[in-house]
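Visitor: Could we go through this model together? I'd like to begin with the overall make-up and then look at a few places in detail.

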Amino acid sequence: MSLLFKGRETDYQRKGHSPVARMYFGIINTIRQGVQSLGEMWRTPTASMMTILVLGLSLTLPSTLYLVVKNVQKVSSGFDNAAEISLFVKEQMSEQQTQSLVKRLALYKEVEEVRFISKRQALEEFKQVSGFANALDYLDDNPLPDVVLVTPGERYRNADAANALLDKLQQEREVDFGKLDIEWLERLNAILNLLKESVITIALLLLTSVILIIGNTIRLSIIDKRSEIQVMKLVGATNGFIQAPFLWTGIWYGIIGGFVALICNLLMMWWLESAVVQVTGIYQSNFILEGLDANEFLVLIGLAVILGFSGSYLSVRRYIKEIEPDKV
């Protein structure tokens, strides 16, 4: 017996019963139609699998790009609104004058912390980092200046406020010039914003194509069952009753397609993990890629179900209404 005819007996049994009984029969019938529509998909595995793969792969690309943005934001979160000002002290300034500058800067309301690095400390650090310790020992004089590192307060760590503070600090008589290393963070945030917009644009294009593909698949299924639909309408079946199996098919497409997208994301993360470990090892970092968490996975499945339902709904609302029993 065709899927469209199954459950019709229950539909007739509901007549004459109480509202509670009719609601109970309606729920049972809906569940039965959902299970039977899954069996109908199993009987056409090739067409169903192709549609599911299209939906799953279409969700994979934007979700993978989302994970890229998520992990890059994780890396940059430690530097969010970071703004450390380096003040290079004039060469002719004595250590006492420099210490006076440090104490004076610590009184600024915009400043959270002040740290002094002498030219001797700077040279020792440079020897360790550069690997030219032996060559640097031959220098007659230390070419590095004294440096005062100023950390702005939390309210003054954005680009505009930090630049204003830099201009103010450079007015101190002991300061030769200052440097604010925040431009790279602004560039990174600009790239992240561009990537976010790209994810949204690509997602809209792909998800729209998914709705059209699922809608076309359901349309072909409706055309294939045209004769059965005509018979159903002859015996008094409503459009809602006829539409239900096709809507369930779209929902199943979404659920299974969402799991396909999840598997593809896991495979992508596994593939990239070794490359990320190699890069982070160079920088002596223990960064670990983050995949989709439970809430994000539910959002992915929900989005896939909405796409499947929307595609099937657009088709059944249009084409089932157009099918009428042949007049004798």
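Visitor: How many helices and strands are there in the protein chain?

Guide: The protein chain has 11 helices and 4 strands; helices (H or I, at least four residues) and strands (E, at least two) are DSSP runs, numbered from the N terminus. This is a predicted model, in which local features need pLDDT of at least 70 and side-chain atom pairs count only at pLDDT 80 or more, while totals for chains, interfaces and linings use all residues. Residues are numbered from 1 along each chain as its sequence is written, and side-chain values use heavy atoms, with hydrogens and water left out.

Visitor: And what percentage of the residues count as buried?

Guide: Of the 328 residues in the protein chain, 39% count as buried, where buried means under 20% relative accessible area, exposed over 50%, and partly exposed in between (1.4 Å probe, protein chains only).

Visitor: Which residues of helix 9 are buried?

Guide: In helix 9, which covers residues 226-234, the buried residues are I229, Q230, M232 and K233. They lie on the same side of helix 9 because they cover an arc of only 160 degrees around the axis, the arc being that of the directions from the helix axis to the C-beta atoms.

Visitor: Which ones are exposed on the other side, then?

Guide: On the other side of helix 9, S227 and L234 are exposed. Helix 9 is followed by G236, which has a positive phi, near 100 degrees.

Visitor: Back to K233, what is it in contact with?

Guide: Leaving aside its neighbours within four places in sequence, K233 is in contact with N239, I242, I320, K321, I323, E324 and P325, contact meaning heavy atoms within 4.5 Å. The relative accessible area of K233 is 13%, so K233 counts as buried.

Visitor: Why would residues a few places apart point the same way?

Guide: An α-helix has 3.6 residues a turn, so residues three or four places apart point the same way.

Visitor: Changing topic, how many cavities of 30 Å³ or more does a search of the whole structure find?

Guide: The search finds 1 cavity of 30 Å³ or more, where a cavity is a set of points, on a 1 Å grid over the protein atoms alone, where a 1.4 Å probe fits but cannot get out. The largest cavity has a volume of about 30 Å³, a volume being the space filled by probe spheres set on the points, which are joined across faces, edges and corners.

Visitor: What lines the largest cavity?

Guide: The lining is made up of L67, L262, N265, L266, M269, G291 and L292, lining residues being those with an atom within 4 Å of a point. Helix 10 (residues 239-282) gives the most to this lining, with 4 residues.

How values were computed: 1 Å grid on protein atoms, 1.4 Å probe; cavity = no way out; pocket = protein on both sides within 12 Å on 5 of 7 lines; lining within 4 Å.
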